[in-house]
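Trainee: I would like to learn how to read pockets and helix faces from a model. Where do we start?

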Amino acid sequence: MVPLYYHVPFLSIVLLMMTGILTSLLPSGKAAMAFHFVTVSAVFAGNVYLLWNIAPANLRFTYAAGILPHPWGNELAAGPLEAALALTFLAVMMLCVLGGSKGIFEDVGADKQNLYFIMCDLLLASLLAMVYTNDAFTAYVFIEINTISACALVMAKDAGETLVATIRYLMMSLLGSGMFLMGLTFTYHITGHLLLINIHEQLGQIIASGAYRLPVTVILGLMTMGLCLKSALFPFHTWLPDAHASATTASSAILSGLVLKGYIVLLIKVIFCMFGEESYRALHAGDILLVLGGAAMIAGSVMAIKENHIKRMIAYSSVAQIGYIYLGLGLGGTAAVTAAVYQIMVHAFAKPLLFLCAGELAEVSGHRKQMYYLRGAAHRARLAGIGFTLGALSMIGLPLLGGFAVKFFLADAALAGGWRMWAALGALAVSSVLNALYYLPAVVQIWTVMDHGEDDLPKLPRAYPGDAAGFAILALMVCCVLLGVCCAPVASLLSAGLKLL
């Protein structure tokens with residue numbers, strides 16, 4: 001008999017999708033939010049049970065999700081890597097919604113609040129599907145669900161700027177989806193399979209024989225660039241700042257902390273489970289990712305330095321931080337890819353922390369988000385000020401925080417030698433300095449006490465995040481610290497999971 005935990009990935013996805021459907025019947029946004037938290041908590045507990053059972057044995061299994069047998073049926077695959085990422089996404093979603101709940105009920109109309117939480121449920125279901133799927137076409141289906149849900153979360157704040165940002169996001173995202181679908185279509189035409197394990201076997205034989213070299217290169221290019229575009233890798237990032245800046249705080253946190261990461265996780269599956277890392281590098285795709293990742297680390301930071309709007313600054317920082325992930329994927333090898341996955345987890349916690357704190361700081365500054373008007377905001381919302389400071393220091397790479405662990409792992413992996421070592425170490429050094437050049441002035445600004453002569457600055461009474469936002473900020477801060485202090489066991493778990501792909 002199949003152990004109970006084998007059913008967790010399938011039940012997690014189905015339960016979240018069913019919750020999204022049933023939420024439409026609830027009478028209010030608060031009821032929808034409560035239902036959302038109950039479901040996500042149950043799914044989180046199930047995935048804890050899954051990781052608890054498979055991590056000690058370093059076990060990875062496949063689960064047939066339909067009645068048709070291999071190779072026609074739909075399959076899910078779960079191991080320590082997938083379970084750890086699923087837990088990360090579930091925890092971040094709960095904290096983003098909890099921390100931004102006040103903004104949701106203020107910015108979203110009462111008649112649309114149910115729809116907001118429906119989109120949250122469907123978005124989370126699509127993320128778990130991309131993490132657990134072992135079927136390429138199922139991955140594409142949930143890419144589209146993810147796209148629609150993310151666009152809905154951006155435009156939930158009913159304003160002209162959000163509509164424009166959503167249309168731009170939708171156009172760019174659909175272009176990426178179309179590229180992935182074209183690559184998938186060519187893959188099926190050449191291999192006759194949709195399950196990742198069968199595609200891997202067939203592509204391995206085709207690449208070894210030297211046949212279809214150009215079509216295989218086109219397939220790899222379409223899938224890779226489609227997912228790079230959807231994850232906002234430089235220079236495909238242009239839609240990201242407007243979407244972050246105009247959306248409600250919870251949506252900005254979800255978009256940066258979760259949505260971008262789902263596509264990168266799927267790209268890791270394309271590299272390891274479809275092509276195989278050796279074949280992927282033989283076609284020099286890794287070198288391209290390395291160059292684009294290094295360019296993103298520097299260009300994103302330069303654009304952040306020039307930005308005066310706090311949410312747009314954090315958005316450009318996301319462009320730079322996504323570059324760290326692609327730098328690890330471009331370097332290749334278990335150590336570098338482990339560092340890339342570790343950055344997925346660190347960024348998933350740190351960036352929502354920055355967005356939630358920025359929202360609180362802006363609220364106590366007359367809802368103005370320009371850095372000038374945020375002077376002294378940390379003294380009016382101390383917890384948000386402390387959280388923003390800690391998140392910023394993590395992005396810079398202060399020891400004992402998650403960002404430092406990522407940079408240490410990437411630097412250590414880069415020492416393997418060759419031109420990649422110098423490119424990676426140079427990008428890390430320059431990016432770290434640039435990170436400090438925009439985060440440190442922002443931290444100084446929010447903690448600087450206002451002079452009495454500055455009459456144009458808001459002088460609002462002291463305020464503190466509400467219970468929900470305060471708890472979310474504290475929890476995210478704890479996670480950032482834990483990922484810095486407990487980096488060795490977490491990295492070992494991720495490395496063991498990667499070797500099973």
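Mentor: With what counts as a pocket: an open set of grid points where a 1.4 Å probe fits, with protein on both sides within 12 Å along at least five of seven lines. Keep in mind that this is a predicted model. The general idea is that rolling a probe the size of a water molecule over the atoms shows where empty space is left.

Trainee: What volume does the largest pocket have?

Mentor: About 450 Å³. Its lining comprises 18 residues, and those nearest the centre are Leu87, Thr88, Met345, Phe349 and Val490.

Trainee: Which helices each supply at least two residues of that lining?

Mentor: H2, H3 (80–99), H15 (334–363), H20 (467–485) and H21 (487–499). By class, the lining of the largest pocket has 17 nonpolar residues, one polar and no charged.

Trainee: How many nonpolar, polar and charged residues line the second largest pocket?

Mentor: Three nonpolar, eight polar and eight charged. The second largest pocket holds about 290 Å³ of space. Of its 19 lining residues, Gly103, Asp107, Thr249, Gly359 and Glu363 lie nearest the centre. Two or more residues of this lining come from each of helix H4 (101–107) and H15.

Trainee: Now the helices. What should helix H1 span, given 1.5 Å a residue?

Mentor: H1 covers residues 8–23, and its 16 residues should span 22 Å; the C-alpha atoms at its ends are 22 Å apart, which agrees.

Trainee: Which residues of H1 are buried?

Mentor: Val8, Pro9, Ser12, Ile13, Leu16, Thr19, Gly20 and Thr23. Viewed down the axis of H1, these buried residues fall within an arc of 140°, so they line one face of the helix. The general idea is that an α-helix has 3.6 residues a turn, so residues three or four places apart point the same way.

Trainee: What covers the buried residues of H1?

Mentor: The cover includes helix H2 (29–54), strand E2 (75–78), helix H5 (113–132) and helix H6 (136–154).

Trainee: Let us take a single residue. Is alanine 83 buried or exposed?

Mentor: Buried means under 20% relative accessible area. Alanine 83 has 0% relative accessibility, so alanine 83 counts as buried. This residue is found in helix H3.

Trainee: Which residues does alanine 83 touch, not counting those up to four places away in sequence?

Mentor: Leu50, Leu51, Ile54 and Tyr132.

How values were computed: Residues are numbered from 1 along each chain as its sequence is written. This is a predicted model: local features need pLDDT of at least 70, side-chain atom pairs count only at pLDDT 80 or more; totals for chains, interfaces and linings use all residues. Side-chain values use heavy atoms; hydrogens and water are left out. Helices (H or I, at least four residues) and strands (E, at least two) are DSSP runs, numbered from the N terminus. The expected span of a helix is 1.5 Å times one less than its number of residues. Buried means under 20% relative accessible area, exposed over 50%, partly exposed in between (1.4 Å probe, protein chains only). The arc is that of the directions from the helix axis to the C-beta atoms. Contact means heavy atoms within 4.5 Å. On a 1 Å grid over the protein atoms alone, a cavity is a set of points where a 1.4 Å probe fits but cannot get out, and a pocket is an open set with protein on both sides within 12 Å along at least five of seven lines; lining residues have an atom within 4 Å of a point. Grid points are joined across faces, edges and corners, and a volume is the space filled by probe spheres set on the points. Ala, Val, Leu, Ile, Met, Phe, Trp, Tyr, Cys and Pro count as nonpolar, Asp, Glu, Lys and Arg as charged, and the others, Gly among them, as polar.
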